[in-house]
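Student: I would like a close look at one part of this model, with the cut-offs stated.

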Amino acid sequence: MGDGPILARRVLLVEDEESLVITLRDRLLSEGYEVEAVGDGDTATERGTRGQFDLVILDVALPRKSGFDVCRDLRQRGVQTPIIMLTARGQVIDRILGLKLGADDYLTKPFEMAELLARIEALLRRARTLSASASDAYAFGAVQVDFRSAVVRRDGQPVDVSGLEFKLLRYFVERRGALLSRDELLEKVWGYDAMPVTRTVDVHVASLRQKLERNPSKPEFFITVHGLGYKFIG
Ligand code: CA
């Protein structure tokens, strides 16, 4: 077992037509995907919600619950997994409805296997780009943080922050909403416990407020939780 790119990408295949399931599964397996196949809408919703899939291939016409309902339910439950819908030939209305309900792409039956594989690759590539950019940048108020280039901007203008301030800001953003004690911040951001002067934390938080808050004396983002520590609300 490895991680990163070595890990096989997992596909949930939702299709009730047995011969098509066999064809698709064999081909996907030979392309290096892991495949779980289910044949009805209820099971698809359940597996799509609980299983950790990288992509869902979703037929529209299914027993018990249509692919449209599965798609809508997954999105309503907060599932972000890319969904490619398989629609019947010429059903333009199906394609529009599918995309409206949160599907990312659609393919009309019958389709070429190569076409499906190309669409899958494109969707997975897009999903990777989106998740990478989400963790590489963060914005709150008028502030934009680019973690990769370590640049902080306020109203589009670069803000001069020290290395420690940047580390502290990053820790705040990663733990946004959580109560962070001064001891935790010292340990995680400063990384040593020699001379644990908790006042150091206060000085750096005050400096971040000065640089990034609209009104540093009435902070909106770097909040003091009296007697306990700090909380970042972004
Ligand atoms: Ca079907």
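Student: Where in the structure is the place of Asp202?

Tutor: This is a predicted model, in which local features need pLDDT of at least 70, side-chain atom pairs count only at pLDDT 80 or more, and totals for chains, interfaces and linings use all residues. Residues are numbered from 1 along each chain as its sequence is written, and side-chain values use heavy atoms, with hydrogens and water left out.

Asp202 lies in helix H8, residues 198-212. Helices (H or I, at least four residues) and strands (E, at least two) are DSSP runs numbered from the N terminus. The relative accessible area of Asp202 is 17%, so the residue is buried; buried means under 20%, exposed over 50%, and partly exposed in between, with a 1.4 Å probe and protein chains only. Leaving aside residues up to four places away in sequence, Asp202 touches Arg182 and Tyr230, where contact means heavy atoms within 4.5 Å. Gly229 is 27 residues from Asp202 along the chain, and their C-alpha atoms are separated by 9.2 Å.

Two other aspartates belong to the calcium site. Asp16 (OD), Asp59 (OD) and Ala61 (O) coordinate the calcium ion at 2.1 to 2.4 Å. Asp16, in the loop between strand S1 (10-14) and helix H1 (18-30), and Asp59, in strand S3 (residues 55-59), are 43 residues apart, so the pair links distant parts of the chain. Donors are N, O and S atoms within 2.8 Å of the metal (3.2 Å for Na, K and Ca); water is not among the atoms, so sites may look incomplete. Asp59 is buried at 4% relative accessible area, whereas Asp16 is partly exposed at 37%.
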